[in-house]
Amino acid sequence: DILFVGIGEDGHFASLFPNSYPSSHEEDIILVEDSPKPPSKRVSVSYAALDRYCKEGDIYLLLFGEGKRYAYEQLQEEGGDVRSLPSRYFLVHNFHFTLATDLYDKRKKQ
């Protein structure tokens, strides 16, 4: 019913890194064998599982700390690509989510 997703500096989440989308996996849990961050082998939830189980839940995307600025700003951009920024998956597939962050948009006056 509730999904908390930490977003990485490159926009990844749940070991779903850039260039991991789309995935043909139909299983809920997948093996990630080429993670760009240690450890190189991990398990993750698949995009298919997110589609199956999270569409109706409350989703919170968490971006805290200045190191997440790139991902935060790219998530705000119009027309971005899921392949290069996996967290855009939630936008592209019309999930209802709340963005939780301590960052602000430097382009707008506060």
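**Figure 1. Strands β1 and β4 lie side by side and run parallel, joined by five bridges.** In this predicted model, local features are described only where pLDDT is at least 70 and side-chain atom pairs count only at pLDDT 80 or more, whereas totals for chains, interfaces and linings use all residues. Residues are numbered from 1 along each chain as its sequence is written, and side-chain values use heavy atoms, with hydrogens and water left out. Strands (E, at least two residues) and helices (H or I, at least four residues) are DSSP runs that are numbered from the N terminus, and two strands are said to pair if DSSP finds at least two bridges between them. At one place in this pairing, I2 has D58 in β4 as its bridge partner. Strands of a sheet pair through backbone hydrogen bonds, either parallel or antiparallel.

**Figure 2. An open sheet of three strands is arranged in the order β1-β4-β5 with parallel pairing.** Its edge strands are β1 (2-6) and β5 (97-101), each of which pairs on one side only. On average, neighbouring strands of this sheet are turned by 20° against each other, direction ignored; here the axes are lines fitted to C-alpha atoms (for helices over the stretch in contact), and angles run from 0 to 180 degrees between N-to-C directions. Five bridges also connect β4 with β5, again in the parallel sense. Within β5, L99 stands opposite L61, and T101 is the bridge partner of L63.

**Figure 3. K37 and E9 are joined by a salt bridge, with their closest N and O atoms 2.9 Å apart.** A salt bridge is counted when a side-chain nitrogen of Lys or Arg lies within 4 Å of a carboxyl oxygen of Asp or Glu, and a search of the whole structure finds six of them. This pair links distant parts of the chain, with K37 in the loop between β2 (29-32) and β3 (42-45) and E9 in the loop between β1 and β2, 28 residues apart. Residues are called buried under 20% relative accessible area, exposed over 50% and partly exposed in between (1.4 Å probe, protein chains only). K37 counts as partly exposed because its relative accessibility is 32%, and E9 counts as partly exposed because its relative accessibility is 37%.

**Figure 4. R69 forms salt bridges with E66 and with E73.** The side chains of R69 and E66 meet at 2.6 Å, N to O, while the closest N and O atoms of R69 and E73 are 3.8 Å apart. R69 and E73 both lie in helix α2, four residues apart, which is about one turn of the helix. R69 counts as buried because its relative accessibility is 9%, whereas E66, at 48%, counts as partly exposed, and E73, with a relative accessible area of 24%, is partly exposed too.

**Figure 5. K68 is buried yet has no salt bridge.** Where does K68 lie? K68 is found in the loop between β4 and α2. Lys and Arg count as positive and Asp and Glu as negative, while His and the chain ends are not counted; the nearest side chain of opposite charge to K68 is E9, 5.0 Å away. Contact means heavy atoms within 4.5 Å, and, leaving aside neighbours within four places in sequence, K68 is in contact with I7, G8, E9, L63 and L103.

**Figure 6. R88 is buried and likewise has no salt bridge.** R88 lies in the loop between α2 (69-76) and α3 (89-92), and E78 has its place in the loop between α2 and α3. Which side chain of opposite charge is nearest to R88? That side chain belongs to E78, 6.4 Å away. E78 counts as exposed because its relative accessibility is 77%. Once neighbours within four places in sequence are left aside, the contacts of R88 are Q74, L75, E77, G79, G80, D81 and V82.

**Figure 7. Confidence is summarised for the chain.** pLDDT is the predictor's confidence in each residue, from 0 to 100, and it averages 90 over the chain, with 95% of the residues scoring at least 70. Confidence is lowest in helix α1 (residues 47-53), at a mean of 91, and highest in strand β4 (residues 58-63), at 96.
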